[in-house]
Amino acid sequence: MHSRAERRLLPAMAVGLVVATVAPSLTGCAAAPAPDTVTVLNSATDTAEHSANQKFFDRCAGPLGLKVEQISVPADQVASKALRMASSKSLTDILELDGSELPQFAGTEGLRPLKDVGVDTSGFSGSATSLGSYDGTQYGIARSVNSLALIYNTKLLKEAGVEPPTTWAELKSAAKRMTHGSTYGMAFSASPNADGVYQFLPFFWSGGGDEAKLDNGKGEAALQLWKDLVSDGSASKSVVSWNQQDVNDQFVAGRAAMMINGPWQVPVLSAQKKVDWAVARIPVPEAGQDAIPPIGGTVMAVPKNEDSTREKNAGKILNCLNTRKNQLQWGESVNNVPTRAAAARAYAEQNPKLAAFADLVTTARSRTAEVGTRWPVVGDALAGAFQSVLTGRTSPEQALHRAQQQASTGK
Amino acid sequence: MSTFASTARAAKSSGSSAAPARADSGTRRRGLLRWLFVAPALAYMALFFGYPLIRNIVMSFQHYTPKTYFTGEAPFNGLDNWRAVFADELFAGSLWHTALFTLGSLLGQFTIGLALAVFFSRRFRLSGFVRAILLLPWLVPMVVSAVVWRRILDQDHGMLNSALHALGLTEGGVPWLNSPGVALLSAILVNIWIGIPFNMVILYGGLQEIPRELYEAASLDGASPWRTFRSVTLPMLRPVITVVLVLGFMSTVKILDLILALTSGGPADSTQTLGTVTYQLSFLQLDFGQGAVVGNVLILISAVFAVLYLRANRADFGKGN
């Protein structure tokens, strides 16, 4: 028989248990941030990157009497984190996304056009404007952008008596000449994800390929070029599994005389003494043509907020981050090219070694300008195409025909 | 105050109610109390298992896109998602790869795990130490092992190909991760390596439970080692074997991280599994409805095996009685 005290205690314990189980799931919502704090969701999880960002935010927020708080998650989780925040109405005041993800968000009508919150978007390079635009409206602003170029080992080129190649034919012969022993002439990433697709685009576009109509008959040349480089033995068969980091590792280890890569590798390249390197434009099909590399980087957007003061504050911060001086300093700290045309020119003058990147950015093209929200599907179809050609499963024609089918069904 | 209240109530109840009624309210209260104690478990199950499951099923019939997160609207689109997923060649391919991957991994993990468990169940010097070393693959985060294996399996400079070359077994190097015909096999081999410790530890534990006398009796009867293994070890180990295989199945069929880090589903989609396809649909293409379809297929497959497991367990209990 239970004692009286026990009898009264038991139901209380049971109720307590129920409350303890249910309560945590009900109180998951965070409190609203203070009115003078501007919150930012970005991917600056690296300590150095986080504090570099904070320095620029503080510089801009201080004079306005504001504070900036960063919430940083790994780059590939920013989009899903932002969606979760949106569904609980707790999205940050500034959202920093990869440029290729912007259309998905702009298409939800959850972002405010930058013009409406007083952000000045004049004087930017055309490619940077298109990176932040969706359906003709600018929702995102890029402080700096990156692209791809041909980075080569100056010593190996000199030894082989080869000039940096400018055309596809020169690229093939130069790569072949420099391939011997454990060194390949050329390295690139053809991995079945965003890295490989990013690297394929400059060849695909320069050859006349069109992401809105993959089987227009002009994209095959780029596939054939990649295929030739691998079947000649001038590039490793492993390119199908290398991401851009792997490509850089190969280059730094002296196992590749030339590689396709971006300016974000500069800190690693500069820190090592083993390989002397220089940057050139990506080779084009015929002499005299312009290379069309892809433009990459993050854009900052302002999600709609019931409190218009918060939107205005976010707009003020964006304006300050994008002054000529701040863009130039930011670009130099992350080795990316500023997006204001004037700042880009100054950047090229101050960093002659990276001038090739600064030039490229002016002719570069945004991945989402043509296909918008369909980019993830189209990019995936392109990856399928070069992977099946490089592994010898299909011919370039068949591969692009199939890719177009894949890109257009159901979406 | 509470003392006063309880004495007052006690006095009232003892004074007014008849004995049968009291017993009745007592059982009802006890019944209620029982439910109150079960309630936390039920609430937990409903919140963390029931809700996501139902939500995932409903989602697979909705046009669920990024816009849904902002507006809360997810219009129903009937069987559209299901049709789109089943019409995709990639889905059929990934189903087949998942089956091969799971079967191959379980077979390898279990056979080697069991062999090692039997080996270590005879005590010898340093056996504890070696057993601890063999646990390492289990302790290393999956992504780290995948990155290391990517280096080992590199076609040009990988350790495995260098070793094979030194032994004179291959000329040009095996394209472990670069050929659509070999990549899935490589992924299975890496997963076997990762899974051996788990199988070994659980089976080793099971072996320790088998009474020594049975082995003594078997040796007195003149049973050969192989006969002893078949007629004593295996039957006694059966419940443990079921647990190992079912748990192994559950963790293998939904494989994602290892594949993403090792091959990203390539080359030419030859290592796409149900896990990578649902990841791709939901988190790269942000089509959560179609992602949910593949997720549901995974849940269904796991559910079928869970039911088989429960039935097998019931049969065991029956035998025990």
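Domain bounds here come from an automatic or database domain assignment. This is a predicted model, in which local features need pLDDT of at least 70, side-chain atom pairs count only at pLDDT 80 or more, and totals for chains, interfaces and linings use all residues. Residues are numbered from 1 along each chain as its sequence is written, while chains are lettered from A and ligands numbered from 1 in the order in which they are written.

**Stop 1: the two domains**

Select chain A. Colour 37-146 + 296-366 as domain 1 and 149-292 + 371-408 as domain 2. Their centres, taken over C-alpha atoms, are 29 Å apart.

Now look at where they touch. In domain 1 of chain A, 16 residues are in contact with 17 residues of domain 2 of chain A (C-beta atoms, placed from the backbone, within 7 Å). On the domain 1 side, α4 (102-106) and α15 (355-363) of chain A give two or more residues each. Helices (H or I, at least four residues) and strands (E, at least two) are DSSP runs, numbered from the N terminus. α15(A) gives the most to this side, with four residues. By class, this side has six nonpolar, eight polar and two charged residues. Ala, Val, Leu, Ile, Met, Phe, Trp, Tyr, Cys and Pro count as nonpolar, Asp, Glu, Lys and Arg as charged, and the others, Gly among them, as polar.

**Stop 2: chain A against chain B**

Show both chains. Here 35 residues of chain A are in contact with 33 residues of chain B. Select α1 (4-26), α3 (78-87), α4 and α16 (375-390) of chain A; each supplies at least two residues of the side that touches chain B. Which helix gives the most to that side? It is α1(A), with ten residues. The chain A side divides into 14 nonpolar, 18 polar and three charged residues.

**Stop 3: a four-stranded sheet**

Find the open sheet with the order β10-β11-β9-β12 (chain A) and mixed pairing. Two strands pair if DSSP finds at least two bridges between them. β10 (184-187) and β12 (277-280) of chain A are at the edges with a single partner strand each, so one side of each has no neighbour in the sheet.

Zoom in on β9 (149-153) and β11 (256-261) of chain A. They pair in the antiparallel sense over four bridges. Leu150(A) is opposite Ile260(A) in β11(A).

**Stop 4: α13 and α14**

Select 324-334 and 341-350 of chain A. The axes of these helices, α13 and α14, come within 9 Å and cross at roughly 45°. Axes are lines fitted to C-alpha atoms, for helices over the stretch in contact, and angles run from 0 to 180 degrees between N-to-C directions. That makes α13(A) oblique to α14(A). Angles under 35 degrees count as roughly parallel, over 145 as roughly antiparallel, 65 to 115 as roughly perpendicular and the rest as oblique. Show Arg324(A), Gln327(A), Leu328(A) and Gly331(A) in α13(A); they meet Ala342(A), Ala343(A), Ala346(A) and Tyr347(A) in α14(A). This contact has five nonpolar, two polar and one charged residue.

Note on methods:
Contact = placed C-beta atoms within 7 Å.
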